[in-house]
Amino acid sequence: MIDPKIIRDDIESVRRNHAKRNMTGVVNLDELKNIDEERRSLNLKSDELREKRNTLSKTIGQLKGQGPEAEALKKDVQAIADELKSFADRQAELEKMFNELHLSVPNMLDESVPEGKDEKENVVVRTWGAKPEFSFTPKPHYEIGTDMGILDFERGVKLAGARFYLYRGLAARLERSIINFMLDLHTKENGYEETFGPFIVNDESMTGTGQYPKFKDEYYRIDRDGLSLIPTAEVTLTNIYRDEIIEEENLPIHLTMQSSCFRREAGAAGRDTRGLVRVHQFQKVELVKFVEPSTSFDELEKLTANAEEVLKRLGLHYRVVLLCGGDTSASSAKTYDIEVWMPGLDRYMEISSCSNFLEYQARRAMIRYRKKGEKPAYLHTLNGSGLAAGRTMAAIIENYQTSDGRFEIPEVLKKYM
RNA sequence: GGAGAGGUGUCAGAGUGGUCUAAUGUGUCUGAUUCGAAAUCAGAUGUCCUGAGAGGGACCGGGGGUUCGAAUCCCUCCCUCUCCGCCA
């Protein structure tokens, strides 16, 4: 959520922000503003009526609640109660509408985010390494994996359906090694605390990080229990501090967690149908930070560098892309994608997405911090993949492939195998 | 899943219809005392909304109801604990 004061006092900046996101008209801002005004005036009215009621009731109490005087007062209070009731429904309705619209308003983009409609207008900010050269035509990872008998897509489909897979032998062990390598790097060198928590969470958690209510079709929800499978450990990690106030001396908090991630990929029919690129379940090591607001953009650079370090050590060529307004997710104020080169697919593939959410998630999830002697304030949250494990394995298979249709294990992973 | 108990401020814990403006203890901060500290004494100390401020309103697990008035009574949901059952 953005600060409602911005909607009240400077709706034009919200409008410009929508335009930059290529979202003009997606949220009816005029309606939102009208609802907010009506809601606040009714709230004021009911506060005043309540004040009167409280005073009169107290007087009745002092009169011991009996006698003609008290009876007359009771009638007065009854009248006030009736009046309160007369617009209570409208009030509840306004509150609900305001909340729904407010939750749908995307975050304010940072000034450094470039203009642009979609991913074609993202800006490459740096590249690392170079595309590997082959004396043969490199194959996609799914061909190599299938031929080697370590990726079994047919049986994945038998077990669960399209976009599921089965790892056998080397692939299963390699992905486990990749996860261990990443966790060790982030905990021993990059200063993150390793955590592990639920893969299934309640609606409050899904709302806190911005998945609900708008994008319900994207996720698996167990209606019977009111629980959802997490699409990323960001949900688990960020909601750890939901409804809490953190003392300033405990900031920043840097957490990492590996999890399986579950996505319905509702809007992606026909895209990336082969291989490990777009699947319903994948494993990922996630990085999440809770920071003092003035530091959050520095922290974003560091977070991105922490994710890049994984690829550097694996010797995989990549580029870092600053997402344009139209491609930045609703919760984020600024996002860097890290894209690894895939020689077999002959394109770059997103392997990490690092975002600064400012106080957008903190407001939704009521995560605050307190400086000594001051009032609680919203902190800033950030997250990034560090990295998606399945895609990392796919990148290794493609970049380290050999002419005999197999592939080598990167040096840093050997001790994990 | 069955039976029972319970959810109150940083924490512990009282409060079963009207000075609850939530007792008391504890923690924290400030002051007094002290060379300094401990101890002791005095005072302060929650969150949200609204308002320029004074102030006002809301919050005793969530939601709803009864009442002139609800932490307190009723309904409902959630959670925790104990015992039993089941279980990696």
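A polar side-chain atom of R368 is placed 2.8 Å from a phosphate oxygen of RNA strand B, a polar contact being a pair of N or O atoms within 3.5 Å. This is a predicted model, in which local features need pLDDT of at least 70 and side-chain atom pairs count only at pLDDT 80 or more, while totals for chains, interfaces and linings use all residues. Residues are numbered from 1 along each chain as its sequence is written, and side-chain values use heavy atoms, without hydrogens and water.

**Surface near RNA strand B**

- α3 (29–62), α4 (67–104) and β14 (367–370) each give two or more residues to the surface near RNA strand B; helices (H or I, at least four residues) and strands (E, at least two) are DSSP runs numbered from the N terminus.
- The largest contribution, nine residues, comes from α3.
- A polar side-chain atom of D47 lies 2.8 Å from a sugar or linking oxygen of the RNA, and a polar backbone atom of S57 is 3.0 Å from a base nitrogen.
- Sugar or phosphate accounts for 74% of the RNA strand B atoms within 4 Å of the protein.

**Sheet**

- Eight strands form an open sheet of mixed pairing, ordered β1-β11-β12-β13-β16-β10-β9-β4; strands pair if DSSP finds at least two bridges between them.
- β1 (123–128) and β4 (193–195) stand at the edges with a single partner strand each, so one side of each lacks a neighbour in the sheet.
- β1 and β11 (318–322) run antiparallel, joined by five bridges, and V124 stands opposite V321 in β11.

Notes. Chains are lettered from A and ligands numbered from 1 in the order in which they are written. A residue is near a molecule or strand if one of its heavy atoms lies within 4 Å of it. A polar contact is a pair of N or O atoms within 3.5 Å; within protein, one must be able to donate a hydrogen and the other to accept it, and residues adjacent in sequence count only if both atoms are side-chain atoms.
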